[in-house]
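Good morning, and thank you for coming. Please look at the sequence and the structure, which I shall now show.

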Amino acid sequence: VRSRNLGFDLLIQTADSDVSDGSNYLFVEVKSCSNGRTRPLLTEFEWAAAQRYGNQYRVVCVDNWDGENGEIVELGHPVNEMNYTEIQQTSYRLQR
């Protein structure tokens, strides 16, 4: 999924919506941490997807992930329901 830059990990079709208008989908981004609470960092593609899909977009964290088990916490919509801080990053790709 990462290489496709969709901005989400899971596309879930809900059973109770009209298929024709596209509102029957949830777009879910999953973040995890192996020791304690996940502090999710969204990429620009994930943030754009959250804005594009509105309340159909969700962030789900898996805290204390050990490779098989973890604690699942739904955070909700990152733009509409959460406090956030924009972080500017600069990266450099080295040519080989």
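Predicted model: local features only at pLDDT ≥ 70, side-chain atom pairs only at ≥ 80, totals over all residues.

Let me begin with a question: with which residue does Glu46 form a salt bridge? The partner is Lys31, and the closest N and O atoms are 3.0 Å apart. By salt bridge I mean a side-chain nitrogen of Lys or Arg within 4 Å of a carboxyl oxygen of Asp or Glu. This pair links distant parts of the chain, since Glu46 belongs to helix 1 and Lys31 to strand 2, 15 residues apart.

Residues are numbered from 1 along each chain as its sequence is written, and side-chain values use heavy atoms, with hydrogens and water left out.

I turn now to the overall arrangement. Helices (H or I, at least four residues) and strands (E, at least two) are DSSP runs, numbered from the N terminus. Four strands form an open sheet in the order 1-2-3-4, with mixed pairing; two strands pair if DSSP finds at least two bridges between them. Strand 1 (10-13) and strand 4 (71-76) stand at the edges with a single partner strand each, so one side of each has no neighbour in the sheet. On average, neighbouring strands are turned by 30° against each other, direction ignored. Strands 1 and 2, the latter covering residues 25-32, run antiparallel and are joined by four bridges. Within this pairing, Leu10 stands opposite Val28. Helix 1 (residues 44-53) packs on the sheet, touching strand 2 and strand 3 (57-63), and its direction makes about 135° with that of strand 3. Such axes are lines fitted to C-alpha atoms, for helices over the stretch in contact, and angles run from 0 to 180 degrees between N-to-C directions. Contact, or touching, means heavy atoms within 4.5 Å.

What forms the largest nonpolar core? The core has six residues: Phe8, Phe27, Ala49, Ala50, Tyr57 and Val59. Helix 1 and strand 3 each supply at least two of its residues. The term denotes a set of buried Ala, Val, Leu, Ile, Met, Phe, Trp, Tyr and Cys residues joined through side-chain atoms within 4.5 Å. Buried means under 20% relative accessible area, exposed over 50%, and partly exposed in between, with a 1.4 Å probe and protein chains only. In soluble globular proteins, nonpolar side chains tend to be buried together. Leaving aside residues up to four places away in sequence, Tyr57 has contacts including Phe8, Phe27, Glu46 and Pro78.

Let us return to the charged residues. The whole structure holds three salt bridges. Besides the pair with which I opened, Lys31 forms one with Glu29, the closest N and O atoms being 3.3 Å apart. Lys31 and Glu29 are both buried, and Glu46 is buried as well. Arg58 forms a salt bridge with Glu74, at 3.0 Å between the closest N and O atoms. Arg58 lies in strand 3 and Glu74 in strand 4, so this pair ties together parts that are 16 residues apart in sequence. Through shared partners, salt bridges join Glu29, Lys31 and Glu46 into one network.
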